[in-house]
Amino acid sequence: MTIANWQEQLRRGKLDLAILLTVSSGPRYGLSIIQHLDAFTDLVVTEGTIYPILARLTREGLLAAEWVEGEAAHPRKYHRLTRQGVKRLDEMKRQWREFAGKIGRLMAASEGAHRDSQ
């Protein structure tokens, strides 16, 4: 596996979490989610990527969507977390922190072993 392939797999694996985190502070429409991710992370997400994920998260019951008219030239579809989405987000954050802690321990042990062998 090349580093580019590994990075792509890592990016895909964290997009659901990143999207749920983005809408956790309040309803957002697709372009607003893209802009938020761009402003706070290095996740470059296109419309062709975000909308299928939003549709899937809605089908799974993690997001609710509502069309809002009048604030722009065309209606915008706002997405918000459902109760199930809040529960899933809490679990995903717990698992993310747990996994990151384990990888952090492995990295520290590897770096320590590397220093000891020099």
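Author: Residues are numbered from 1 along each chain as its sequence is written. In this predicted model, local features need pLDDT of at least 70 and side-chain atom pairs count only at pLDDT 80 or more, while totals for chains, interfaces and linings use all residues, and side-chain values use heavy atoms, without hydrogens and water.

Reader: Why are α1 and α2 called roughly perpendicular to each other?

Author: Helix α1 (residues 3–23) and helix α2 (residues 30–40) pack at an angle of about 105°, and their axes are 10 Å apart. Helices here are DSSP runs of H or I with at least four residues, strands are runs of E with at least two, and both are numbered from the N terminus. Axes are lines fitted to C-alpha atoms, for helices over the stretch in contact, and angles run from 0 to 180 degrees between N-to-C directions. Angles under 35 degrees count as roughly parallel, over 145 as roughly antiparallel, 65 to 115 as roughly perpendicular and the rest as oblique. The pair α1 and α2 is therefore roughly perpendicular.

Reader: Which residues make the contact of α1 and α2?

Author: From α1 come A18, I19, T22 and V23, and from α2 come I33, H36 and L37; contact means heavy atoms within 4.5 Å. By class, this contact has five nonpolar, two polar and no charged residues. Ala, Val, Leu, Ile, Met, Phe, Trp, Tyr, Cys and Pro count as nonpolar, Asp, Glu, Lys and Arg as charged, and the others, Gly among them, as polar.

Reader: What makes α1 and α3 roughly perpendicular?

Author: Helix α3 (residues 47–59) packs with α1 at an angle of about 75°, with the axes 11 Å apart. On the angle rule, α1 and α3 are therefore roughly perpendicular to each other. L15, D16, I19 and L20 of α1 meet T49, I50, I53, L54, R56 and L57 of α3. The residues of this contact divide into seven nonpolar, one polar and two charged.

Reader: Why is I50 counted as buried?

Author: I50 lies in helix α3. Buried means under 20% relative accessible area, exposed over 50%, and partly exposed in between (1.4 Å probe, protein chains only). I50 counts as buried because its relative accessibility is 0%. Leaving aside neighbours within four places in sequence, I50 is in contact with I19, I33, I34, L37 and V45.

Reader: How do you know whether N5 and H79 are buried or partly exposed?

Author: N5, in helix α1, has 43% relative accessibility and therefore counts as partly exposed. H79, placed in strand β3 (residues 76–81), has a relative accessible area of 4% and is therefore buried. Residues up to four places away in sequence not counted, H79 touches V23, G26, P27, R28, L54, T58, L63, A64 and A65.

Reader: What makes Y29 and Y78 an aromatic pair, and of which kind?

Author: Rings of Phe, Tyr and Trp (its six-membered ring) pair if their centres lie within 6.5 Å; planes under 30 degrees apart count as stacked, over 60 as edge-to-face and the rest as tilted. Y29 and Y78 are 5.3 Å centre to centre with 70° between the planes, and the pair is edge-to-face. Y29 is in strand β1 (residues 28–29) and Y78 in strand β3, 49 residues apart. Both Y29 and Y78 are buried.

Reader: How do you know that R76 lies over the face of Y29?

Author: A charge sits over a ring if NZ of Lys or CZ of Arg is within 6 Å of the ring centre and within 35 degrees of the ring normal. R76 lies over the face of Y29, at 4.1 Å from the ring centre.
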